[in-house]
Amino acid sequence: MQTLCGALLALAAFAASGAEVAGVKLDDKTRVESRELVLNGAGLRKRIIFNVYVIGLYLPEKKSDLAAILALAGPKRAAIHMLRDVGAETFTEALVEGLRTNTSEAEYQALEPRVQELSRIMADLKEAKKGMSLSLDWTGAATQLLVNGKPAGNPIAGEDFYRALLRIWLGNKPVQDDLKRSLLGT
């Protein structure tokens, strides 16, 4: 009985500790706009042979499919932890490629002014440096980029924009299939 209790306590401690991916520890919970979010899943973005970043998806409640995530009301967070230096232009080009791949031309045209706004914010950063934390938060009213926990640039209006950003990793043509599965917790 003591062994069973010990095993259950160890399992509970492990479950409460969040996740660790490529040496990056992600908390099991976070807050956006004073709303508690849970870690839905986390994974590693690779490009060829390089580990680029670790990303964790935080939601009001765990969901395992894109439609349910996009329909979920309230704040959300895509927390990105950089594992290597990436220039702002390269980072933005990757976002644009992911958006174009997972939206129709008409949808992208509607998003483009906001994509340009996010591009300007990234250009002001000049570089996403190794060790930097970037969060793309849906506050319930707008998308806010946080750099190392501090707001960068102005909030970007429109839930359609945030949903399109999520489809970069979770859409029908995600940047990386195994990353999508990891973020969905499947």
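At roughly what angle do the axes of H3 and H5 cross, and within how many Å do they come?

## Helix H3 against helix H5

In this predicted model, the axes of H3 and H5 cross at roughly 90° and come within 8 Å. The two helices, H3 and H5, are therefore roughly perpendicular to each other. From H3, the residues Leu95, Gly98 and Leu99 take part in the contact, and they meet Ala164, Leu165, Ile168 and Trp169 of H5. By residue class, the contact of H3 with H5 comprises 6 nonpolar residues, 1 polar residue and no charged residue.

## Helix H3 against helix H4

Helix H3 spans residues 88–101, and helix H4 spans residues 105–125. Their axes cross at roughly 165° and come within 10 Å, which makes H3 roughly antiparallel to H4. The crossing in which H3 passes H4 is right-handed.

On the H3 side, the contact is formed by Ala88, Phe91, Thr92, Leu95, Val96, Leu99 and Arg100. These residues meet Glu105, Tyr108, Gln109, Val115, Leu118, Ser119, Met122 and Ala123 of H4. The residues of this contact of H3 with H4 divide into 10 nonpolar, 3 polar and 2 charged.

## Two residues of these helices

Thr92, a residue of H3, has a relative accessible area of 13% and is buried, because the cut-off for that class is under 20%. Leaving aside residues up to four places away in sequence, Thr92 touches Ser119 and Met122. Both Ser119 and Met122 are listed among the H4 residues that H3 meets.

Leu125 is placed in helix H4. Its relative accessibility of 24% puts Leu125 in the partly exposed class. When residues up to four places away in sequence are not counted, Leu125 touches Leu134, Leu145 and Val147. For Leu125 and Val147, which are 22 residues apart along the chain, the C-alpha atoms are separated by 9.0 Å.

## Nonpolar cores

The largest nonpolar core has 44 residues. Within this core, the residues with the most contacts are Ile80, Met82, Phe91, Leu134, Leu145, Trp169 and Leu170. Helix H5, residues 159–170, gives the most to the core, with 8 residues.

Apart from residues up to four places away in sequence, Ile80 touches Tyr53, Val54, Ile55, Phe91, Met132, Ser133, Leu134, Leu136 and Trp169.

## Positive phi in two loops

Most residues other than glycine have a negative phi. Ala22 is not a glycine, yet its phi is positive, at about 50°. Ala22 lies in the loop that runs between strand E1 (19–21) and strand E2 (24–26). With a relative accessible area of 47%, Ala22 is partly exposed.

Ser34, likewise a residue other than glycine, has a positive phi near 60°. The loop that holds Ser34 lies between strand E3 (29–32) and strand E4 (35–47). Ser34 has a relative accessible area of 66% and is therefore exposed, the cut-off for that class being over 50%.

Note on methods: Residues are numbered from 1 along each chain as its sequence is written. This is a predicted model: local features need pLDDT of at least 70, side-chain atom pairs count only at pLDDT 80 or more; totals for chains, interfaces and linings use all residues. Side-chain values use heavy atoms; hydrogens and water are left out. Helices (H or I, at least four residues) and strands (E, at least two) are DSSP runs, numbered from the N terminus. Buried means under 20% relative accessible area, exposed over 50%, partly exposed in between (1.4 Å probe, protein chains only). Contact means heavy atoms within 4.5 Å. Axes are lines fitted to C-alpha atoms, for helices over the stretch in contact, and angles run from 0 to 180 degrees between N-to-C directions. Angles under 35 degrees count as roughly parallel, over 145 as roughly antiparallel, 65 to 115 as roughly perpendicular and the rest as oblique. A crossing is left-handed if the near helix is turned anticlockwise from the far one by less than a right angle, and right-handed if clockwise. Ala, Val, Leu, Ile, Met, Phe, Trp, Tyr, Cys and Pro count as nonpolar, Asp, Glu, Lys and Arg as charged, and the others, Gly among them, as polar. A nonpolar core is a set of buried Ala, Val, Leu, Ile, Met, Phe, Trp, Tyr and Cys residues joined through side-chain atoms within 4.5 Å.
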